[in-house]
Amino acid sequence: MVSQIITVGRKKYAVGLFWQPTGAGYVARSYAKTLARSVDRKLNLFTEYRGMVGLGARRFGHHVGMDSAAAAVTDALTEYSSFLAVFAVDKRFFLVAVRNGVILEDKIFDKESDARTEYFKLSEIPDWNALFAPSAWGMPRAVERNLSDLLVGSVRATLRPISRVGGGVLSTIILIGFGFGIFYFFREPIQQIVNVQPEIANIDANLAQEYERQVAEKNKELDAEFNTQQQMPDPIVLPYDYLPDPMARAQMCYQAMGFLMQPVLGWNQTYVECSETHVTARFVRDFGTLDGFYNIATQLMPHSFVQEESQDSLLVRATLPAVVTKASLDERDADTVLRAVRSAFQAIDTPVDAGMVVDTLTNGVDTEYLNVVEVAAESKMIPMQFMQIFNDFGGVYMTRCTWNASTRIWNYEVIIYAK
């Protein structure tokens, strides 16, 4: 299998991701899971970036926590909404094509001829804002850029497991490996500690006292400088001990989304989303102006924050108020809960995407494994009506809901903590 990673400045980046826009109102993880089923079930990693998901796989050399090179290049060239670029790296050639902010191509080529052919074919598409290619190619309008000069900032697209089971297992493996690494690194000091030390009676008393004094002073300096006093780790916080009431959470999201679902002259609203901490609405320009939008939004949506995706696309975000929390856990096992969820949706003749994952929590000493049932569904019901489906369940938390203005459909994502 051809490696789909590159190394720039001793850091490895993922390339060759399968990119696809998520569409308004879709939850990234659920969409990535559905997309992987239809494209290639071996695609088990995903990243979310600017309304897109990129799918990768461990068989390509990708791993959790690895950054996407295509996303990093797009961030570095943010002044261009459309660009075509090829970079020589690792004796191979990395091609990135971005059109109107959407990543079209993210490819690595072992042969220069193949990369050049692909670049030439794409360059015939009109209206590229910028073209980048090796100067030796002699491509018209193209300039050469060094990839290492672009990959210098933080990257907002990091690979995560599509199924959270794999992430938990990987975290456990990394933790065990880290413990073995620490033991190997300090094996000689440990051996010295357990070995029998010479009796103090065989050492000059004055020298022994001076040595002990110097050791004590050095230990005090180290304690002061590095704060090496041993501390007990914080206890693991179990999320189901602090869950908002499902109906109160649904009511809060509905009201907050209504707060941002305000008509703004000359701008069309595409979707509104309620996440765990914020509610966000997206507006696309029709015939309005930026000044006009800000003037109206200031009056209709005070205390909200406006982010300009482009001159024709705006995100309006508001912080959700705090909700009283309580401990809640479904006392049934995860398989029983999953079967009950599917039965509940069958009773109302509504399709549902439901499955079970295992989340792993650790503080470096203790580890907790949580059985979580994940539920994703589309519905015409408003949040308060939809959450009534879960009245007979414990440990329920609606992590996200979205409203698609074009289809007028709600998209929900709910998790249930089971025993």
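User: Is Leu300 buried, exposed or partly exposed, and why?
Analyst: This is a predicted model. In it, Leu300 has 32% relative accessibility, so Leu300 counts as partly exposed. Buried would need a value under 20%, and exposed a value over 50%.

User: Where is Leu300 found?
Analyst: Leu300 is in helix 9, which covers residues 290-300.

User: What does Leu300 touch, leaving out residues up to four places away in sequence?
Analyst: Leu300 touches Phe259, Gln262 and Pro263.

User: And how far apart are Leu300 and Leu260?
Analyst: In sequence, 40 residues separate Leu300 and Leu260. In space, their C-alpha atoms are 8.3 Å apart.

User: New topic: rings. How many aromatic pairs does the structure hold?
Analyst: There are 16 aromatic pairs. One of them is Trp267 with Phe293. Their ring centres are 5.3 Å apart, and their planes are at 65 degrees.

User: Why is that pair called edge-to-face?
Analyst: Planes over 60 degrees apart count as edge-to-face. The planes of Trp267 and Phe293 are at 65 degrees, so the pair is edge-to-face.

User: Which residues form an aromatic cluster?
Analyst: One cluster is formed by Tyr254, Phe345, Phe386, Phe390, Phe393, Trp403, Trp410 and Tyr412.

User: What lies over the face of Trp128?
Analyst: Arg99 does, at 4.6 Å from the ring centre.

User: OK, salt bridges now. How many does the structure hold?
Analyst: The structure holds 15 salt bridges. Arg50 and Asp75 form one of them, with their closest N and O atoms 3.3 Å apart.

User: Where do Arg50 and Asp75 sit?
Analyst: Arg50 is in the loop between strand 4 (45-49) and strand 5 (52-56). Asp75 is in helix 2, residues 69-76. They are 25 residues apart.

User: Buried or exposed?
Analyst: Arg50 is partly exposed, at 37% relative accessibility. Asp75 has a relative accessible area of 17%, so Asp75 is buried.

User: What does Arg92 form a salt bridge with?
Analyst: Its partner is Asp110, and their closest N and O atoms are 3.7 Å apart. Arg92 lies in strand 8 (residues 92-99), and Asp110 in the loop between strand 9 (102-109) and helix 3 (112-123), so the pair ties together parts 18 residues apart in sequence. Arg92 is buried at 11%, while Asp110 is partly exposed at 49%.

User: And what about Lys326 and Asp245?
Analyst: They form a salt bridge too, with the closest N and O atoms 3.8 Å apart. Lys326 is in strand 17 (residues 325-326). Asp245 is in the loop between strand 12 (243-244) and helix 8 (246-260). The two are 81 residues apart. Lys326 is partly exposed at 46%, and Asp245 is partly exposed at 30%.

User: Last one. Which residues are linked in a network of salt bridges?
Analyst: Glu105, Lys107, Glu118 and Lys121 are linked that way.

Terms used: Residues numbered from 1 in each chain as written. Predicted model: local features only at pLDDT ≥ 70, side-chain atom pairs only at ≥ 80, totals over all residues. Heavy atoms only, no water. Helix = DSSP H or I, 4+ residues; strand = E, 2+ residues; numbered from the N terminus. Buried < 20%, exposed > 50% of the residue type's maximum accessible area, 1.4 Å probe, protein only. Contact = heavy atoms within 4.5 Å. Phe/Tyr/Trp six-rings, centres within 6.5 Å; stacked < 30°, edge-to-face > 60°. Lys NZ or Arg CZ within 6 Å of the ring centre and 35° of its normal. Salt bridge = Lys/Arg side-chain N within 4 Å of Asp/Glu carboxyl O.
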